[in-house]
Structures are given as C-alpha cells and as structure tokens.
Amino acid sequence: MKSKADIRMRGFLKRTPVKTLLALIKEHSQCLTSEEILTVEGCGRILAQEIISPVNVPNFDRSAMDGYALHAESTFGASSYNPLMFRIVGEVTPGETYDKVVQSGEALSIMTGGPLPKGTNAVLMAENAELEGDQIQVIDAVSPGKHVGLIGEDIKKNQSLLKTGRSLRPQDIGALSSIGLKNVKVVRKPEVELLITGNELLKPGEEASGVKIIDSNSVMLSPLIKRDGGLLKAVHHLPDDRDLLAKHLSESTADLICVTGGTSVGIEDFGPILLDELGELLVHGITMRPAAPTGFGLISGKSCKVATKVFLLPGNPVSCLSAYDYFVGRSLRLMGGRSAEWPYRNKLVKLATKISSQIGRTEYVRLRIENERAFFIAAGGASILSSTTQADAFLLTEEESEGFAEGDEVLVWLYDE
C-alpha cells in the first residue's frame with residue numbers, strides 16, 4: 001500500500017503538463033443525458049433534439065397591412081383617369097373570420113394579422129384608398145399577393161427549425177412557442193458540489209477575527225458555475241478533517257465535485273490521498289503558475305451514473321480562480337453540451353512591458369489594458385485576489401515560451417463580458 005506522503009509528492013516530483021490535463025478532461029467530460037422542460041423555461045439551455053415544425057406558421061393567409069382585402073384582378077385597369085369603385089361589405093380583425101365570399105367589386109376592411117376571407121388575394125393599403133361613404137375608390141391596380149402573409153411564410157410544416165446543440169435564445173423559445181411546442185428536450189445541467197476546506201476559514205458574511213480568514217472561493221465560484229451551465233447543489237464548509245471529507249466525497253451524487261484547499265503536500269492536505277483511495281487520482285500537480293497543486297480524478301458513480309469528476313483546487317483564491325477557469329469550467333461546459341472554449345471575449349493588444357516565463361510552465365498573467373496597450377500586474381501572487389480585480393484581462397503563456405518582449409502583440413482574454 002502506498003504511503004500518504006508518496007501520493008502527495010508523486011505529482012510534484014514530475015508535474016503533469018497542462019495539455020495532458022486538458023486532454024483528460026475532454027476524455028472524461030462526456031455530454032450528459034437530456035431532460036424535458038417547459039419551453040418557456042428554455043432560454044440559455046442546450047437543445048438535445050432537432051426541432052422539426054409540425055405546423056405552418058401562419059396556418060392561414062393573413063393581411064400584412066391595415067387596409068382593404070379584395071380580388072386583385074378586379075383592380076386591373078384602375079388609374080387616376082379610370083378610378084374603380086369597390087363596395088365595403090364588412091370588417092375583419094385578428095382572431096376573427098369573415099364567413100362570406102367577397103365578390104368582384106367588393107372589399108373588406110381588414111387589420112394587420114386578420115385572416116384573408118374567401119374571394120380575396122391582396123390587400124390595398126388604407127392610405128392608398130379614398131373612402132367615399134360605404135365605398136372606396138381605387139386608382140391603381142393591386143398585384144395578386146400584395147401585402148399578404150401566406151401560409152407557412154414564417155415557418156413551414158416539416159421545416160428543420162433548430163438543430164441539436166443550439167443554445168436557446170429568447171427569440172428561439174418564441175419560435176418554439178409559435179409552433180405549439182409546450183415542452184422541449186435539453187441537455188441536463190451538470191450538478192456540482194463545492195467542498196470548501198480549511199480550519200482557518202470562516203463562512204462568507206462572518207466577521208474575521210484573530211487568525212481566521214473569510215472564505216472567498218465559494219462566493220467567487222458560485223456565479224462561475226452558473227455561467228458555465230452548472231447547477232450548484234450544495235456548498236459545504238469543512239474543517240481539515242480526513243473522515244468528514246471522505247464522507248462527503250463518497251456520498252456525493254453530484255456530477256462534479258470541487259474541493260478547495262487541502263490539495264497540496266501539507267500534513268492536513270487530505271484531498272489527493274482520499275481521491276486516490278476512493279477512486280482514481282489521474283493528476284496531482286501541474287505545470288502552471290499559480291495553480292500548481294491542482295488535481296483531477298474520478299470516483300465511481302452512484303447507481304447507474306457515470307464517474308463523478310473531482311477537481312482539487314488550491315485554496316489560494318487566484319490559484320483557485322485560474323484553475324477553475326482553465327479546467328473545471330471547461331469540464332462543465334462539455335458535460336452541458338456547450339463549447340469547451342473560454343467564455344471570454346478576446347482581443348489582440350500590444351504589451352507595454354516585458355513578460356518573462358519559465359520554459360515548461362504555463363503562466364496565468366493578469367493585465368491592465370490602457371489605450372490598447374497591456375500593462376503587467378502579476379503572474380504569481382496566488383493569494384492576492386485583488387490582482388484580478390485590478391486586471392482588465394489575462395493571458396496564458398505556452399509551456400514552450402520564455403515570455404514576450406515589450407511591444408509584442410498578444411492575445412488576451414477580457415474579464416468583462
């Protein structure tokens with residue numbers, strides 16, 4: 001049996017390249033199964049089915065203007081020298097029908113959206129008709145189909161409306177509603193549990209005192225999990241207690257667990273040991289700064305569920321943020337049927353300062369953007385969360401890079417949406 005020290009030090013003797021961890025995340029973060037929800041609640045969800053319209057929209061010919069419905073051919077020959085008179089025989093508004101057949105020489109007052117009555121095939125705009133008692137004077141011919149919305153003009157029956165994998169927008173769910181779709185199949189949201197560990201931590205909202213500090217990681221991670229399509233089931237604040245952490249890890253039914261703190265090589269860093277004992281510790285220690293103590297592994301799923309993904313995130317907040325963004329967020333997006341790519345806008349800017357990087361290591365560099373130039377704030381400082389609040393953007397160096405020179409054009413990722 002391996003000793004605790006062996007497990008904790010194993011990944012630190014030869015750290016895992018970032019690209020290797022990304023490949024493992026892709027391998028184990030399969031898209032989840034679907035669930036059926038109300039269409040009206042579908043905005044932002046990922047479609048798990050192709051939508052084929054069962055109906056035409058509209059399913060009747062309708063007026064596209066306020067005016068007069070008539071038989072277009074009856075207007076042929078009309079001009080200012082030869083005005084034609086049409087008798088108004090009634091009125092139709094949206095949601096109502098006119099049951100009689102409109103004859104040649106007759107017209108029906110109609111509002112936008114009103115169904116075209118039998119005997120008509122065009123609409124004369126109200127402003128182009130001169131009203132004289134119960135008649136209108138037509139001085140210009142109207143072509144068939146003029147100002148008419150035809151059956152299926154918006155959506156045709158059996159048309160492929162939306163493809164599988166689409167992130168539903170407000171207009172999408174509007175279109176789904178218009179074809180009468182009450183429910184829709186979407187990818188299930190990955191369920192997440194946060195295990196925030198550390199004897200030194202107080203819960204958010206408590207008052208710091210003595211040598212205690214207030215947890216910021218859970219507050220920071222919660223909206224990021226929501227952003228990436230995850231469903232945060234629970235947040236547990238745990239002391240550095242081996243048995244208690246083991247209980248939470250083994251009893252969780254979440255799709256993904258984030259453990260913050262207790263992930264390095266200290267005497268109370270139980271995360272790597274327990275993940276190795278309860279499941280499979282695939283990675284512990286990566287070639288990235290900050291976030292070197294990051295770990296990743298699997299614990300066999302409960303019932304028929306696939307293995308739970310477990311991420312060991314450093315307790316220091318900048319390390320926690322960078323590790324979540326680079327790895328956990330990616331896993332959640334993949335499981336939820338979303339793009340694995342960064343959910344940030346990017347842009348090319350010139351560096352105002354030199355940035356050094358050690359070959360073989362990825363650096364998470366925070367930057368301030370001013371007049372389209374990027375100024376270095378920090379690369380280290382794992383516990384200095386304010387370095388991210390002061391930053392407008394970040395970049396990640398490649399492991400093969402020694403950094404960048406002043407004036408180099410680099411791709412940065414912007415924190416702001």
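Predicted model: local features only at pLDDT ≥ 70, side-chain atom pairs only at ≥ 80, totals over all residues.
1. Two strands are taken to pair if DSSP finds at least two bridges between them.

2. Strand β24 covers residues 362-370. Its pairing with strand β26 (residues 393-396) is antiparallel and rests on four bridges.

3. R366 has A378 in β25 as its bridge partner. β24 and β25 form a hairpin with two residues between the strands. In that hairpin N371 adopts a positive phi, near 55 degrees.

4. A further partner of β24 is strand β19 (residues 288-289), and here the strands run parallel. Two bridges join β19 to β24. M288 is placed opposite T362 of β24.

5. Elsewhere, six strands form an open sheet with mixed pairing, in the order β7-β4-β6-β5-β9-β8. The edge positions belong to β7 (122-125) and β8 (130-132). Each of these has a single partner strand, so one side of each lacks a neighbour in the sheet. On average, neighbouring strands of this sheet are turned by 40 degrees against each other, with direction ignored.

6. L131 stands across from I136 in β9.

7. How do the axes of α5 and α6 cross, and at roughly what angle? Helix α5 spans residues 242-251 and helix α6 residues 271-278; their axes come within 10 Å and cross at roughly 45 degrees. α5 is therefore oblique to α6. The crossing of α5 past α6 is right-handed.

8. Which residues make the contact between these helices? From α5 come R242, L245, A246, L249 and S250, and they meet G271, I273, L274, E277 and L278 of α6. Sorted by class, the α5 contact with α6 comprises six nonpolar, two polar and two charged residues.

Definitions and conventions. Residues numbered from 1 in each chain as written. Heavy atoms only, no water. Axes fitted to C-alpha atoms, helices over the stretch in contact; angles between N-to-C directions. Parallel < 35°, antiparallel > 145°, perpendicular 65-115°, else oblique. Left-handed = near helix turned anticlockwise from the far one by under 90°. Contact = heavy atoms within 4.5 Å. Nonpolar A, V, L, I, M, F, W, Y, C, P; charged D, E, K, R; others polar.
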